[in-house]
Amino acid sequence: MEVTTADGTTLVSNIAGSGETVALVGDAGYGAWQWGWQHAALTGPFETLVYDHRGTGRSDVPPGPYTVETLADDLESVLKAHDVRKAHLVGAGLGGMVALDYARRYSRARSLCLIGTAANGGDIDTTPLAAPRDDPAALRASLRNALSPDFFSEQDTTIDQLVEWRTEDATQAGWAAQQAAIEAFDAGALYEITLPALVCHGTADAVWPVSGGEQLAEGLPKGDFFPLSGAGHLCHVEHSRVVNDEVLGFLEAR
């Protein structure tokens, strides 16, 4: 575990493996567990860096609202502290927005993998995904909105594990501050972001509409869209093998 201070806020991260760095930039509210499936696949061929946004998990929870720009500045602080000169960015939801903003304003990004995200957050409400982290029943109910009905009904053991992990997710204050960042975000002129980009999106995402992913890929000069049929918002959990194959193939081609 490594600790970085950004603008007086403590950010907790972990780095493992060797090779080119892949920074895993998390979704609103969720802790590092959300990358468990990708971390296992990427660590080895690449060096993986996972950190908690301000407001989440082991990192500090300064008063909100936050902005995507502030969260991208946090990412820069973490990469700089780890002496990372260049990094592939894999971002989910809010993390995808952070990756987009970071790629526009900083020079360390090599490529973008954007999962279940959008270029504009004005119509996105993550409230259905949030729940008090000390209420297991509410956490379980919220996962119905993050996963497809089939996955939720068929993967009881996995759901139990997710509920346990979610007890260390963002506080309600942290989640609200991150939701404010989503609502205020507009990536602007996507044609200015010329990095290679893979955009993955679950076609059954009930919170971040798949149309947002399609439009994002279309607007990025080097964007490719990869739909995950029937998957919900946490498509990289539901279809982890498929996502891992796509992400690895994309990164290795760079």
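Predicted model: local features only at pLDDT ≥ 70, side-chain atom pairs only at ≥ 80, totals over all residues.
Two packed helices are described by the angle between their axes and the distance between the axes. For helix α2 and helix α3 (residues 94–105), the axes come within 8 Å and cross at roughly 75 degrees. Angles of 65 to 115 degrees count as roughly perpendicular, and α2 and α3 are therefore roughly perpendicular to each other. On the α2 side the contact is made by V68, E69, L71, A72, D73, L75, E76 and L79, and on the α3 side by L94, M97, V98, D101, Y102 and R105. By residue class, the contact of α2 with α3 comprises nine nonpolar and five charged residues, with no polar ones.

L79, one of the α2 residues in this contact, is placed in the helix that spans residues 68–81. Its relative accessible area is 0%, and since buried means under 20%, L79 is buried. When residues up to four places away in sequence are not counted, L79 touches A23, L49, V84, A87, Y102 and R108. Of these, Y102 belongs to the α3 side of the helix contact. A23 and L79 are separated by 56 residues in sequence, and their C-alpha atoms lie 8.3 Å apart in space.

Helix α3 also holds L100. With a relative accessible area of 1%, L100 is buried. Apart from neighbours within four places in sequence, the residues in contact with L100 are L112, L114, A118, F185, A187, I193, L216 and L220. The C-alpha atom of L100 is 23 Å from that of G57, a residue 43 places away along the chain.

The crossing of α4 past α6 is right-handed. Helix α4 contributes P136, L139, R140, S142 and L143 to the contact, and helix α6 contributes I159, D160, L162, V163 and R166. The residues of the contact of α4 with α6 divide into six nonpolar, one polar and three charged.

R166, located in α6, is a charged residue that counts as buried, at 0% relative accessibility. Two polar contacts involve its side chain. One joins R166 to the side chain of S142 at 2.5 Å, and S142 is among the α4 residues of the helix contact. The other joins the side chains of R166 and D169 at 2.7 Å. Leaving aside neighbours within four places in sequence, R166 is in contact with Y30, W33, L129, A130, A131, R133, L139, S142, L143 and W175. Among them, L139, S142 and L143 are contributed by α4.

Q34 is found in a loop, between β3 (21–25) and α1 (36–42). Its relative accessible area of 1% makes Q34 buried. The side chain of Q34 meets the backbone at two positions: a polar atom lies 2.9 Å from the backbone nitrogen of D27, and the backbone oxygen of G31 is reached at 3.0 Å. Not counting residues up to four places away in sequence, Q34 touches G26, D27, A92, H236 and V237.

How values were computed:
Residues numbered from 1 in each chain as written. Heavy atoms only, no water. Left-handed = near helix turned anticlockwise from the far one by under 90°. Helix = DSSP H or I, 4+ residues; strand = E, 2+ residues; numbered from the N terminus. Contact = heavy atoms within 4.5 Å. Buried < 20%, exposed > 50% of the residue type's maximum accessible area, 1.4 Å probe, protein only. Polar contact = N/O pair within 3.5 Å; in protein donor to acceptor, adjacent residues only side chain to side chain. Axes fitted to C-alpha atoms, helices over the stretch in contact; angles between N-to-C directions. Parallel < 35°, antiparallel > 145°, perpendicular 65-115°, else oblique.
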